[in-house]
Amino acid sequence: RGRLALMEIIKVDSDIDSLIARRATYRELVDCARAKGIRSLTGDAVRRIVDGTTSFEEAVRVVDMTSL
């Protein structure tokens, strides 16, 4: 049985670095990341479901999908 990695990777650029330095809220960090097109772990799971590389059942087993 094969394995598939679901990932959430955030490149720390100057905007993210500034938010971290000023101790921004989680929501501010998420909003900035989304504005830059960074995909969440849930978003990556949904992409994998849509492209057929994993099933919905497998995705919800390993990822909290309540934020959809």
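Begin by selecting the lining of the second largest pocket, which by class holds 4 nonpolar, 3 polar and 4 charged residues (Ala, Val, Leu, Ile, Met, Phe, Trp, Tyr, Cys and Pro count as nonpolar, Asp, Glu, Lys and Arg as charged, and the others, Gly among them, as polar). This is a predicted model, in which local features need pLDDT of at least 70 and side-chain atom pairs count only at pLDDT 80 or more, while totals for chains, interfaces and linings use all residues. Residues are numbered from 1 along each chain as its sequence is written, and side-chain values use heavy atoms, with hydrogens and water left out.

Of the 11 lining residues, Gly2, Arg3, Leu4, Thr54 and Glu58 lie nearest the pocket centre; a pocket here is an open set of points on a 1 Å grid over the protein atoms alone, where a 1.4 Å probe fits, with protein on both sides within 12 Å along at least five of seven lines, and lining residues have an atom within 4 Å of a point.

Next, select residues 14-21, helix α1, and residues 26-35, helix α2, whose axes come within 10 Å and cross at roughly 175°. That angle makes α1 roughly antiparallel to α2 (over 145 degrees). The contact (heavy atoms within 4.5 Å) is made by Asp15, Ile16, Leu19 and Ile20 of α1 and by Glu28, Leu29, Cys32 and Ala33 of α2.

Staying in helix α2, pick Arg27 and Asp31, which lie 4 residues apart, about one turn of the helix. Arg27 forms a salt bridge with Asp31, the closest N and O atoms being 3.4 Å apart (a side-chain nitrogen of Lys or Arg within 4 Å of a carboxyl oxygen of Asp or Glu).

Definitions and conventions: Axes fitted to C-alpha atoms, helices over the stretch in contact; angles between N-to-C directions. Helix = DSSP H or I, 4+ residues; strand = E, 2+ residues; numbered from the N terminus. Parallel < 35°, antiparallel > 145°, perpendicular 65-115°, else oblique.
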